[in-house]
Amino acid sequence: MTSAPFTPTLAELVAAYRNTAEHNDALHRQLTDATWNDPLLAAHRRHVEQEQLGFGDPAFHALWARLLDAAAEKFGEVRALEIGVFKGQVISLWSLLGRARDLRVQVSAISPLAGQPMPGHGRLLRWLRYRLARRFRERIDNGDFYAAEDYERIVRAHFAHHGLDFGRVRLHHGYSTDPALLDQLRNETYHLIYVDGDHTLAGARHDFATFGPKVVPGGWLIADDAGCDLPGSGFWKGHAAVSEAVRDLPALGFTNVLNVGHNRVYQRNPA
Ligand SMILES: C[S@@+](CC[C@H](N)C(=O)[O-])C[C@H]1O[C@@H](n2cnc3c(N)ncnc32)[C@H](O)[C@@H]1O
């Protein structure tokens, strides 16, 4: 016997949401199934997994489809920004969904498209550094190192695999802390911002404080890896530093309306 497809909209998910272990686990399972039962989402995620093009859970694909639909319905167009691109899983998915659902989506991204490799001093020196250097320890504990690879080539190939044009992405090449980049973006606003860059406490707090005000009222900020405070046992909870940093968001004018695994969805309060 096949079960009925899980089809609620974002508004329906939010209305039904309860931050309990049972609800979080069931929702994560239902959205995982929703991704694998949707041919477009499943094909995109399968490619990501086979080619090791990204992190996160399959459930997030189904969440993104709902977030883009909700933003398009509410605002007519969707300006979506990702901080921390890695190999382009999310920006390619947004672009694909925009094309497939005929949505007006302008995808923007801030990322160095460069590795931040762990300094290689051999095991003993690395162990000593871990014991003695607080920032090094925080970066290790919060998954903040990335191998040196040609990320731009990989992201371009990722887009090409789906017949998408990477040239349509507004790419801001660099770090979210770069003063010149922030100056370029000073007047920009977005309907969706995905914060998935620097995973240290200071880095995540900086991104929330700097980019939170760029979310239009009623728009959404999604924090990845931020679920350590959530009840539930069916999903990975993320990193301690980012989970601590999201505690700043209510004071920045956001309400936590939904959580899917370690992806936490915050909506900007009305002006
Ligand atoms: C966890 S990965 C992103 C994964 C990607 N969002 C996905 O879902 O596949 C984090 C990325 O953020 C980048 N990064 C680190 N610090 C950053 C910063 N301050 N600004 C922008 N990107 C940053 C890293 O180079 C890395 O590519």
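## Elements and the ligand shell

Helices here are DSSP runs of H or I with at least four residues, strands are E runs of at least two, and both are numbered from the N terminus. With that in hand, helix H5 (89–100) and strand E2 (105–111) each contribute at least two residues to the shell around the ligand. Please keep in mind that this is a predicted model.

The shell around the ligand comprises 21 residues, and those that come nearest are Gly-54, Gly-84, Phe-86, Gln-89 and Gly-197. Sorted by class, the shell holds nine nonpolar, 10 polar and two charged residues.

## The overall fold

Stepping back to the whole protein, we find 11 helices and seven strands. The radius of gyration is 18 Å, close to the 18 Å that the globule rule gives for 271 residues, so the protein is as compact as a globular protein of that length. Along the principal axes, the C-alpha trace spans about 55 × 45 × 40 Å.

How much of the protein counts as buried? The share is 41% of the 271 residues. As for contacts between residues at least 6 apart in sequence, 75% of them join residues at least 24 apart.

## A look at Leu-128

Leu-128 sits in helix H6, which covers residues 123–132. Is this residue buried or exposed? Leu-128 counts as exposed because it has 12 C-beta neighbours inside 10 Å, and the cut-off for exposed is 12 or fewer.

For a sense of distance, take Leu-128 together with Ala-70: 58 residues separate the pair in sequence, and their C-alpha atoms are 49 Å apart in space.

Technical notes: Residues are numbered from 1 along each chain as its sequence is written. This is a predicted model: local features need pLDDT of at least 70, side-chain atom pairs count only at pLDDT 80 or more; totals for chains, interfaces and linings use all residues. A residue is buried if 20 or more other C-beta atoms lie within 10 Å of its own, exposed if 12 or fewer, and partly exposed in between; C-beta atoms are placed from the backbone. The radius of gyration is taken over C-alpha atoms; the globule rule is 2.2 Å times the number of residues to the power 0.38. Two residues are in contact if their C-beta atoms, placed from the backbone, lie within 7 Å. A residue is near a molecule or strand if its C-beta atom, placed from the backbone, lies within 6 Å of it. Ala, Val, Leu, Ile, Met, Phe, Trp, Tyr, Cys and Pro count as nonpolar, Asp, Glu, Lys and Arg as charged, and the others, Gly among them, as polar.
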